[in-house]
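Q: I'm new to this one, and I'd like to go through it slowly. Could we look at it together?

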Amino acid sequence: MTDTAASTPTDLAAFIEGLPKCELHVHLEGTLAPDLKLALAQRNGLDIGQTTVEEVEATYQFDSLTSFLAVYYPAMGVLVTAEDFSDLAYAYLAKAASLGVRYVEMFFDPQAHTGRGVPFSTVIQGYRQGIVRARAELGISGELILCFLRDLSAEFAMATLMEALPYKEWIIGIGLDSDERGNPPSKFAAVFARARQEGWQLTMHCDIDQEGSIEHIRQALQEIGVDRIDHGTNIVESPALVAEAKERGVGFTCCPVSNSFVTADMKADEIVSLLRDGVRVTVNSDDPAYFGGYMTENYAALAAHAGLDAGEVLALARNAFEVAWLTPRARDGYLAELDAYAARHGVTG
Ligand code: HPA
Ligand code: ZN
């Protein structure tokens, strides 16, 4: 591994900044920055109890997945019209593009909106409009992953899947998020089987240090047959499952900064051990408006904490393009861009 140009921390930061990146684990609702939240509340005539960015920021306080979700869901009340959803997607994509992100697959939680009376069509048409606008104006490409809320019923998930069918072309895959406690992957086996039949790619959150983490990862891999796992680094506790995930080329979408908010640390050792074992781990931001770290901060935090060199940073970026749900042609294009960038910096992975 040569690592000439990007061998000091400053050089590595610049290398990360310019690196063509792919993000696979970001919740659009988790990109709701305090200033946009305030602007949307004002536009919709809603009293949210805060009137300054600092006051909104002060409400973004949590130390676990459950306490995070308790802040996160009520905040979405400011999203009402298709224009609101479009503005949210566009604002995130503009920020991501400014940080060198070239392609992104973004989660959205339709049930968090339909459950409070916003039609599914409003949500998806708005998000799609923001994606199309960002592509045209900024050159960044994005796709949507529909997530079910796992603390709600499997029947509600199935009904939501049915609502999504007319918009199949706008949805690249199906995921599962929200509170994992007592809500294992197997609860959604039928709805994920139907999603697979419809031709969708599949992923699921297996959050960090959950009750039954290993059993949930096993179910996701063996009973659901997911293509990727979101978080999922507890898999290091089971060498047999690590071997299976590696053999199948399953991608893991890790979020170091998010981990450090909802657990005791960023799980750098687990992420790097999987990387060095040849498992396809990737770096992502999760809910950047809440955790304060976008893609560059996540790469930089992990690299600093684990002492990664530029070749390993490059390997993480390559993994993301490899496990993204791209066409072979698009994937080859991004990988060529990545290789050219690495060659210009004298880095090989
Ligand atoms: N886990 C579960 N639910 C979520 C997350 C997460 O990381 N982010 C937003 N909703
Ligand atoms: Zn997540």
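This is a predicted model: local features need pLDDT of at least 70, side-chain atom pairs count only at pLDDT 80 or more; totals for chains, interfaces and linings use all residues.

Q: OK, which residues coordinate the zinc ion (ligand 2)?
A: The donors are His-25 (NE2), His-27 (NE2), His-205 (NE2) and Asp-286 (OD), at 2.1 to 2.3 Å. Donors here are N, O and S atoms within 2.8 Å of the metal (3.2 Å for Na, K and Ca), and since water is not among the atoms, sites may look incomplete.

Q: How are those donor residues spaced in sequence?
A: The spacing for the zinc ion (ligand 2) is H-x1-H-x177-H-x80-D. His-27 belongs to strand S1 (residues 21–27) and His-205 to strand S5 (residues 201–206), so this pair ties together parts that are 178 residues apart in sequence. Helices (H or I, at least four residues) and strands (E, at least two) are DSSP runs, numbered from the N terminus.

Q: And are His-27 and His-205 buried or exposed?
A: His-27 is buried at 4% relative accessibility, and His-205 is buried with a relative accessible area of 3%. Buried means under 20% relative accessible area, exposed means over 50%, and partly exposed is in between (1.4 Å probe, protein chains only).

Q: Switching topic, how many residues are in the largest nonpolar core?
A: That core has 121 residues, and those with the most contacts inside it are Ile-174, Phe-192 and Tyr-290. A nonpolar core is a set of buried Ala, Val, Leu, Ile, Met, Phe, Trp, Tyr and Cys residues joined through side-chain atoms within 4.5 Å.

Q: Which helix gives the most to this core?
A: Helix H16 (residues 310–323) does, with 8 residues. H16 is mostly covered, with 11 of its 14 residues buried, among them Val-313, Leu-314, Leu-316 and Phe-321.

Q: What caps the N-terminal end of H16?
A: Asp-309 does, with a side-chain oxygen 3.0 Å from the backbone nitrogen of Gly-311.

Q: Now the charged pairs: how many salt bridges are there?
A: The whole structure has 19 salt bridges, each being a side-chain nitrogen of Lys or Arg within 4 Å of a carboxyl oxygen of Asp or Glu. One of them joins the side chains of Arg-43 and Glu-83 (3.6 Å, N to O). Arg-43 lies in helix H2 (residues 34–43) and Glu-83 in helix H5 (residues 82–98), so the pair ties together parts that are 40 residues apart in sequence. Arg-43 is partly exposed at 38% relative accessibility, and Glu-83 is partly exposed at 46%.

Q: What about Glu-137 and Arg-133?
A: Their closest N and O atoms are 3.2 Å apart in a salt bridge, and the two residues, 4 residues apart in helix H7 (residues 120–138), are separated by about one helical turn.

Q: Which other residue does Glu-223 pair with?
A: Glu-223 forms a salt bridge with Arg-218, with the closest N and O atoms 2.7 Å apart. Elsewhere, salt bridges that share partners join Arg-43, Glu-83, Asp-84 and Asp-87 into one network.

Terms used. Residues are numbered from 1 along each chain as its sequence is written. Chains are lettered from A and ligands numbered from 1 in the order in which they are written. Side-chain values use heavy atoms; hydrogens and water are left out. A polar contact is a pair of N or O atoms within 3.5 Å; within protein, one must be able to donate a hydrogen and the other to accept it, and residues adjacent in sequence count only if both atoms are side-chain atoms.
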